[in-house]
Amino acid sequence: MLAAVCHGKKDLRIDTLADRALVAGEVRVAVAYGGICGSDLHYYHRGAVGDFAVREPLVLGHEISGTVIETGPGVAGLEAGAKAALDPSRPCLRCRYCRAGRSNLCVDMWFLGSAGRMPHSQGGFSQHLVLREDQVIPVPRDANLQHVAMAEPLSVALHAVNQAGALNGRRVIVTGSGPIGLLIARAARNAGALEVICTDVEDAPLALAVRSMGATGTLNVRRDPRGLARFAADEAGFDVAFEASGSPEALASLFGVLRRGGRLVQVGMLPPGTAPVPVNLLQSREFEFVGAFRANGEFRHAVELILRGDVGVAPVLSATYPLARAVEALEQAGDRSKVIKVQLAISEAAA
Ligand code: ZN
């Protein structure tokens, strides 16, 4: 079977990999679709994500859907041919965080397509993939597997919204209108936010934010670098801010537009190292500054919302490439003026 393997910076190959036998509790799936995430782009363009460098060949990909091929001993409720949402998180289920219901903080996590541990946790841009049975969530036969492959990014957005607390009647700003920022906008409106302002440095995603993702206003911070100033007065300030761009400048700017006692949720991944923030404002205005990392229990919730159409993910999907053209797809996915989410069609089942 074929897989898209990152061998280092700008070195992505379609390699032939061998299937391995299943052990108890495991399921083999044919991966149908795989969305390209910012972290996949970082591995491809820089050979690293944050502080995690590629030290051995790494199959990329973690936003996937597929079809069950084979089940190992002891697996119940999953049959060959079943379509499924595929959760990229495999927490240990034993550590103090897993037992406390915060498995996204697991100290022994296997997350698909991550160089965060050695040996690396191989990813999902692979025609066949072995998962633990709890990672395989069956969906109806008529489910759209391209939409289902958006469950992981939606789960990240839902987790960020959960980290923000109640949003009913709140005024919200989201910096960064990539897939996660746009899905946060949608989820925040669904959670009752009165106003959601989205920012970006490109016009195309901002137009989409208003047209399809529930944003009530936008700001292009490249064309209008002082545009945020109109929210600087306390009565114009935001109750909640989501930093979803990974830009240190965007992060610092949010401290100037949050109302007193407001909450800032950091969901974007910033460059390695430190980022300067005005801590005196945090102190004197009692801001709450919280992190949001991947997703916890939100994956199944995301699958449900997609299946019911409560969160329409179709507007975010820009293009689909066959696995064989993964390099082209990764190059295209980096052009934010043209695309939001690019997916790979991975196995024959997806064709
Ligand atoms: Zn754990």
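Reader: Why is Y97 called partly exposed?
Author: In this predicted model, Y97 has a relative accessible area of 30%. Buried means under 20% and exposed over 50%, so Y97 counts as partly exposed. Y97 lies in helix α2, residues 96–99, and contributes to a nonpolar surface patch of about 350 Å² together with L105, V107 and F293.

Reader: What makes the pair of F231 and F238 tilted?
Author: The ring centres of F231 and F238 are 4.8 Å apart, and rings pair if their centres lie within 6.5 Å. The planes stand at 45°; under 30 degrees would count as stacked and over 60 as edge-to-face, so the pair is tilted. F231 and F238 are both buried. R171 lies over the face of F238, at 5.2 Å from the ring centre.

Reader: Why is the pair of F255 and F289 called edge-to-face?
Author: Its planes meet at 90°, and an angle over 60 degrees counts as edge-to-face. The centres are 5.6 Å apart. This pair joins distant parts of the chain, with F255 in the loop between α7 and β17 and F289 in strand β18, 34 residues apart. Ring pairs link F255, F287 and F289 into a cluster.

Reader: Are F255 and F289 buried or partly exposed?
Author: F255 has a relative accessible area of 1%, and the cut-off for buried is under 20%, so F255 is buried. F289, with a relative accessible area of 35%, is partly exposed.

Reader: How do you know that R28 and E70 form a salt bridge?
Author: The closest N and O atoms of R28 and E70 are 2.9 Å apart, and the definition asks for a nitrogen within 4 Å of a carboxyl oxygen, so the pair qualifies. R28 is in strand β3 and E70 in strand β7, 42 residues apart. At 8% relative accessibility R28 counts as buried, whereas E70, with a relative accessible area of 35%, is partly exposed. D19, R28 and E70 are linked in a network of salt bridges.

Reader: Why is the pair of R263 and E288 said to tie together parts of the chain?
Author: R263 lies in strand β17 and E288 in strand β18, so their pair ties together parts that are 25 residues apart in sequence. The closest N and O atoms of R263 and E288 are 3.1 Å apart.

Reader: What makes strand β14 largely enclosed?
Author: Five of the six residues of β14 (residues 195–200) are buried, so the strand is largely enclosed by the rest of the structure. Strand β13 pairs with β14 in the parallel sense over five bridges, and V196 in β14 is the bridge partner of V172.

Reader: Why are β2 and β6 placed at the edges of their sheet?
Author: Three strands form an open, antiparallel sheet in the order β2-β1-β6. β2 and β6 each have a single partner strand, so one side of each is left without a neighbour in the sheet.

Conventions: Residues are numbered from 1 along each chain as its sequence is written. This is a predicted model: local features need pLDDT of at least 70, side-chain atom pairs count only at pLDDT 80 or more; totals for chains, interfaces and linings use all residues. Side-chain values use heavy atoms; hydrogens and water are left out. Patches are made of residues with over 30% relative accessible area and no salt bridge: like charges are joined within 9 Å, nonpolar side chains (Val, Leu, Ile, Met, Phe, Trp, Tyr) within 5 Å. Accessible areas come from the Shrake-Rupley method with a 1.4 Å probe; for residues, only the protein chains shown count as cover. A salt bridge is a side-chain nitrogen of Lys or Arg within 4 Å of a carboxyl oxygen of Asp or Glu. Helices (H or I, at least four residues) and strands (E, at least two) are DSSP runs, numbered from the N terminus. Buried means under 20% relative accessible area, exposed over 50%, partly exposed in between (1.4 Å probe, protein chains only). Rings of Phe, Tyr and Trp (its six-membered ring) pair if their centres lie within 6.5 Å; planes under 30 degrees apart count as stacked, over 60 as edge-to-face and the rest as tilted. A charge sits over a ring if NZ of Lys or CZ of Arg is within 6 Å of the ring centre and within 35 degrees of the ring normal. Two strands pair if DSSP finds at least two bridges between them.
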